[in-house]
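Please load the model in a viewer and keep a selection panel at hand. The stops below are meant to be followed in order.

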Amino acid sequence: MKIYRVNMSKLSFTMEAVPEEWRLLGGRGLTSAIVAKEVEPTCNALGSKNKLVFAPGLFAGTMAANSGRLSVGAKSPLTGGIKESNSGGTAAQRLAKLGVKALIIEGIPEGDKWYCLHVHKDGVEIKEENELLGKGNYEVIHTMTSRYGENTGVMTIGQAGEHKMSLANISVKDPKGHIRSAGRGGLGAVMGSKRIKFITLDDNDGAGIEIKDKEKFKNAAQVFNKGLLSHPVSGQALPRYGTDVLVNILNEAGGLPTKNYRYGQFEGAENISGETMYDTIMSRDGDPTHGCHVGCVIRCSQTYNDKDKRYLTSGFEYETIWAFGAGCTCDDLDVIAHIDHECDDIGIDTIDTAGSMMVAMEAGLLPWGDGEGMLRMIKEEIKEATPLGRILGNGPNFTGKAFGVTRIGTVKGQTMPAYEPRAVKGIGITYATTPMGADHTAGYSVTANILKVGGHIDPLKKEGQIELSRNLQIATASLDSAGLCIFVAFAVLDYEPVSHAIIDMINAQYGVNWSVDDWFNLGRSVLKTEMEFNRAAGLTEKDDRLPEFMEEQLPPHNTVWDFTGEELDSVLQF
Amino acid sequence: MQVNVKLFASLREGRFKTEVVDFDSNSRVIDVMNKYELPPEEVAICLVNGRDADNEHVLQNGDTVSLFPPVGGG
C-alpha cells in the first residue's frame with residue numbers, strides 16, 4: 001500500500017511508501033498517528049501547519065461486514081485538540097481498493113483560488129474549482145456523479161466549510177448518492193482552510209487489497225458476519241427502527257436531555273421516537289432500512305420522505321433527532337427532518353448546530369421549541385454566513401460568549417450528545433475524558449448502563465462506571481482503527497467468537513500473530529497518542545470536566561454529577 | 001391497584017402503547033408480562049418508574065412499568 005500526499009502550498013503531489021510503523025495501523029489509529037507525528041500541537045487549526053488526513057480502516061475493502069468506515073483526522077478548530085471523525089459512505093473502500101493507506105493534505109495555497117482533488121490509481125490531480133463554489137453538498141454530489149458516473153466517490157464541504165466555521169463537517173457520498181458525514185470537530189473548516197471544495201475518488205484499476213491467508217480470512221469473516229446478524233440488536237432492532245428507537249428508552253429511563261439539559265424526560269418524546277419514525281416512513285413509501293456503505297449488514301440507515309412522499313433526508317439519526325427535538329423542545333419530526341437535510345447540505349454537524357441553537361434559545365434569540373425558527377436560522381444565517389450565522393456556526397461556546405450565556409452543554413467545546421450524564425453516568429465519564437471532546441461514540445457506556453448489552457451497571461450510581469468507560473474507550477479506539485462500524489460492538493460484547501474473529505481476520509490479512517492483548521494494546525496506544533497531542537496542544541486536566549451546571553439535580557431521578565477531578569483523572573491511566 | 005403499563009418497539013404489535021390497568025396488590029413484573037402474553041425472553045429491558053427492575057420486582061399502586069425488546073443505537 002502507499003501514502004498519497006498533497007501539498008496545497010506547492011500544489012504538488014507525492015506518492016510514498018508506507019513506513020513500517022504505520023503498517024498495522026488504519027482508520028483512527030493511523031490518522032491520529034500521522035497528525036501526532038506531523039502536526040505541531042500548538043498550531044492554528046485553520047493555518048498552514050495543520051494537516052487533514054483521510055484513512056480507511058484495516059479491513060476496508062474486504063469481505064468483513066461493516067468494515068467500510070472512513071476516518072478523517074486533523075487538529076480540531078472546535079476542540080483545540082486532536083480529532084478523528086468517522087463516516088460511512090463509499091470513500092474508505094475506494095481508497096483501500098486504490099491501495100491508499102492514507103491521503104494526507106498539507107499546506108494552504110497562496111492567493112484566493114479554490115481547488116478540487118481527483119484521486120485515482122496513479123495519484124491525485126489538483127484542479128482549480130469555480131463552478132461549485134457556494135453550492136451545497138447535494139449539488140456537488142449530483143454534479144460529480146453526472147460528470148464521472150455513479151461509481152465515483154465524493155467527499156465535499158458545503159458553504160459552512162468554505163466559511164471555515166467550527167461546525168463544518170465533511171460530507172461523504174453514500175451508495176445511494178445521499179450524504180453521510182464526518183460530522184464532529186469542524187474538519188470541514190480545515191478542508192475549507194486548504195481551499196479544497198471537494199475530492200472525487202475513482203478506484204478503477206486500483207491495486208486491490210492484499211490478504212496473506214485468504215482462506216483463513218474468509219472463515220473468520222464468516223463467523224464475524226454471522227455473529228452480527230444473529231445478535232438481536234444488530235440483526236433485528238437496528239435494521240427496523242434505526243438508532244432513533246433510543247428516544248423512548250432514554251426518556252423512560254430519565255436520561256433524555258431536555259431543554260438544554262434541564263430535565264431527563266421530554267413530553268413530546270413519542271412524537272419524535274423511532275416507533276413514530278418507522279410508521280411515518282412506511283406510510284410515505286420511504287425506506288426504513290439501508291446501509292451507509294457496501295457490505296453493511298446492519299443497515300440502520302433509512303430514507304425519510306416528506307408528506308408528499310418526496311425524498312427529504314436519510315441517515316436520520318437518534319442524536320440529530322434528540323438534539324433539535326428534546327434538546328430544543330421541538331416535537332415535530334418533519335421539521336427536524338428538514339433541518340437534518342439543510343445541515344447535510346450546508347455541511348454542519350447536527351449535534352453541535354443544535355448545541356448552538358440551545359444557547360440561542362437561552363439567549364432569547366429564538367423561543368424554545370421553535371423548529372421553524374431553527375430551520376430559518378440555519379438557512380438564512382449560517383448558510384449565508386451573516387454575522388449571526390458566523391457566531392452560531394462557530395459552536396455553542398462561541399455563541400455563549402457572544403450572548404453572555406453560561407449554560408452551555410459542552411466538553412472541550414463539543415456538545416454533549418443525547419444521553420444525560422447525571423442519569424447515564426458511564427457516558428458522562430466518556431464525555432469528560434475522551435481526547436475527542438464530548439463524544440458518545442468514543443466509549444458508548446449506554447450499552448451496559450441502559451441497553452443491557454455486555455452486562456449491566458446501574459446508570460444512576462457511580463460504581464463500575466470508570467472501568468466501564470475506560471474499557472469501552474480502549475475497545476472503541478481499536479474498532480475505529482479497523483474501520484469497523486461501532487454497531488458491531490453489540491455482538492462483540494455479547495459473543496466471544498465474534499471478538500475472536502476480529503483478531504483472526506487481522507492475523508490472516510496481515511500475516512501476523514496477534515493475541516487479544518495486542519488488539520487492546522492497539523486501542524491503548526491510540527488513546528495515549530491522542531492524549532499526548534492534547535497535552536502538548538495546551539489542554540489540561542481541567543478540560544476533562546463536565547459543565548458546572550451538572551451539579552444541579554436532574555429530574556426525574558434528582559441525581560447529580562458527582563465524580564471528582566481525581567476520579568476523572570484516573571480514567572485513562574494505563 | 002393501578003399500574004401504568006408502557007410497551008415499546010415490536011412489543012406493541014397486536015398490543016398497545018400505554019394502558020392503565022388494575023392488578024392485584026403484590027403483583028410482580030412477571031404478572032404484567034403474563035397478562036399480555038409477553039414471553040420473558042422477548043423482554044430485554046424492564047424499567048419500573050424509570051429504574052431497572054427484574055421480573056420478580058413487586059409493584060406498588062401507581063407504578064409505571066416500561067417494557068422493551070432488545071434495542072440499541074448510538
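**Stop 1: chain A as a whole**

Bear in mind throughout that this is a predicted model. Select chain A and orient it along its principal axes, where its C-alpha atoms fill a box of roughly 60 × 50 × 50 Å. Colouring by secondary structure brings out 22 helices and 17 strands in this chain. Of the 574 residues in chain A, 60% are buried. Among contacts in chain A with a separation of 6 or more, 72% link residues 24 or more positions apart.

**Stop 2: the six-stranded sheet**

In what order do the strands of the open sheet of 6 strands in chain A run? The order is 2-1-6-3-4-5, and the pairing is mixed. Select residues 12-17 and 82-87 of chain A: these are strand 2 and strand 5, which stand at the edges. Each has a single partner strand, so one side of each lacks a neighbour in the sheet. On average, and with direction ignored, neighbouring strands of the sheet are turned by 20° against each other.

Next select strand 1 of chain A, residues 2-7, which pairs with strand 2 of chain A in the antiparallel sense over 6 bridges.

Move to strand 6 of chain A, residues 100-106. Because 6 of its 7 residues are buried, strand 6 of chain A is largely enclosed by the rest of the structure. Strand 3 of chain A joins strand 6 of chain A in the antiparallel sense over 4 bridges, with A:F54 opposite A:L103.

Helix 1 lies across strands 3, 4, 5 and 6 of chain A, and runs at about 20° to strand 4.

**Stop 3: helices 6 and 20**

Among the contacting residues are A:F217, A:A221 and A:F224 of helix 6 of chain A, and A:V498, A:I502 and A:M505 of helix 20 of chain A. By class, the contact comprises 11 nonpolar, 2 polar and 2 charged residues.

**Stop 4: helices 12 and 15**

Select residues 350-362 and 396-403 of chain A, helix 12 and helix 15, which pack at about 15° with axes 8 Å apart. Helix 12 of chain A is therefore roughly parallel to helix 15 of chain A, and the crossing is right-handed. Residues to display include A:G355 and A:V359 of helix 12 of chain A, with A:T399 and A:F403 of helix 15 of chain A. This contact divides into 5 nonpolar, 4 polar and 1 charged.

**Stop 5: the interface with chain B**

Finally, show both chains: 17 residues of chain B are in contact with 28 residues of chain A. Strand 3 (45-48) and strand 5 (64-68) of chain B are the elements that give two or more residues to the side of chain B that touches chain A. That side has 9 nonpolar, 5 polar and 3 charged residues.

Notes: Residues are numbered from 1 along each chain as its sequence is written. Chains are lettered from A and ligands numbered from 1 in the order in which they are written. This is a predicted model: local features need pLDDT of at least 70, side-chain atom pairs count only at pLDDT 80 or more; totals for chains, interfaces and linings use all residues. Two residues are in contact if their C-beta atoms, placed from the backbone, lie within 7 Å. Ala, Val, Leu, Ile, Met, Phe, Trp, Tyr, Cys and Pro count as nonpolar, Asp, Glu, Lys and Arg as charged, and the others, Gly among them, as polar. Two strands pair if DSSP finds at least two bridges between them. Axes are lines fitted to C-alpha atoms, for helices over the stretch in contact, and angles run from 0 to 180 degrees between N-to-C directions. A residue is buried if 20 or more other C-beta atoms lie within 10 Å of its own, exposed if 12 or fewer, and partly exposed in between; C-beta atoms are placed from the backbone. Angles under 35 degrees count as roughly parallel, over 145 as roughly antiparallel, 65 to 115 as roughly perpendicular and the rest as oblique. A crossing is left-handed if the near helix is turned anticlockwise from the far one by less than a right angle, and right-handed if clockwise.
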